[in-house]
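Welcome, and please open your viewer. We will go from one selection to the next and look at what is there.

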Amino acid sequence: VLIEAVKALKWEHSESAKYLLGWCAIARLCGALEWRPHCWLTGPSGSGKSTVIEMIIKNVCGDMAIQPVGNSSEAGIRQAIKFNALPVIFDEAESNNRASAKRIQGVLELARQASSASDARIMKGTANQSGIQFKINCIFFLSSIQVSLMEEADQNRFTVLELQRNDGTAWLEVKKKLDLVTEELGDRLFSRMIRLFPALQKSIQTF
C-alpha cells in the first residue's frame, strides 16, 4: 500500500519514490542508526508537498515525530528534542527573507550535527552559569518550495525529492491511494523494521 501510494506521486525523478520509501522505513529507528540521512521535499505550489507530509510522513512517524512549522527556530526544535531520538518533520521551511534564511540555516546546522552517531553533545551557556547539554540523534524531513542547501556538508546529508504539479483528474486517483496510508500502517511498518533490524544493518554495511 505504502509503495503504491508513494510511486503514484508525480516525481521529477522516478528514483525519488525509492528514497522517500527508504526514509519512511528508517524514520522511527533513527536513534539506532550510525548514519541518519535527511530528506528535503520540494516542488511548485500545488504539487502536493503538504499533502505528502500530512498523509504519508506523519502517518508513518505517528506520534513519535516532532513537527515544527513556519518560523520555528533551531533553538526551539533543539529544546523540544532534548535527548530524544525522533523524526523531525518541518513543513513550510521557506527562506523568503534574511531572517527566515538565517533561521533555516540554524535548523540545517542542527540536522548536520544529527547525521552521525557520536557521544558528542551540544553545549549551551545559561545566565545562571549552569549550562545545558543536548544530544541530537534525530532524522529530519523538510518541505518547501525553495531548497536552501548552501553548504556542501548539508548537500551531502540531504536527499532532495522534487514533485511536479498534478492535474486534477490524476490527483483524484493518487488521493485514493494516499487515503490507505494510515497510522496503523505506520505502526506495522515500525514493528516490521524492528524485527528486520539485523538485516537492515547488514544491508547498510553492504551499501
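**Stop 1: a buried ring**

Select W23: at 2% relative accessibility, this residue counts as buried (buried means under 20% relative accessible area, exposed over 50%, partly exposed in between, with a 1.4 Å probe and protein chains only). Before moving on, know that this is a predicted model, where local features need pLDDT of at least 70, side-chain atom pairs count only at pLDDT 80 or more, and totals for chains, interfaces and linings use all residues. Residues are numbered from 1 along each chain as its sequence is written, and side-chain values use heavy atoms, with hydrogens and water left out.

How do the rings of W23 and F141 pair? They are edge-to-face, with 5.1 Å centre to centre and 65 degrees between the planes. Rings of Phe, Tyr and Trp (its six-membered ring) pair if their centres lie within 6.5 Å; planes under 30 degrees apart count as stacked, over 60 as edge-to-face and the rest as tilted. W23 lies in helix α2 (residues 16-26) and F141 in strand β5, so the pair ties together parts that are 118 residues apart in sequence. Helices (H or I, at least four residues) and strands (E, at least two) are DSSP runs, numbered from the N terminus.

**Stop 2: the sheet**

Next, show the strands. Four of them form an open sheet with parallel pairing, in the order β2-β5-β1-β6; two strands pair if DSSP finds at least two bridges between them. Find the edges: β2 (87-90) and β6 (158-162) each have a single partner strand, so one side of each is left without a neighbour in the sheet. Zoom in on β1 (residues 38-42) and β5 (residues 139-143), which pair in the parallel sense over three bridges. Select W40 and you will see L142 of β5 standing opposite.

**Stop 3: the helices**

Select α5 (residues 98-114), which lies across β1, β2, β5 and β6 and runs at about 150 degrees to β5. Axes are lines fitted to C-alpha atoms, for helices over the stretch in contact, and angles run from 0 to 180 degrees between N-to-C directions.

Finally, select α3 (residues 49-61) and α7 (residues 168-178): their axes come within 10 Å and cross at roughly 25 degrees. The contact (heavy atoms within 4.5 Å) is made by T51, M55 and I56 of α3 and W171, K175 and L178 of α7.
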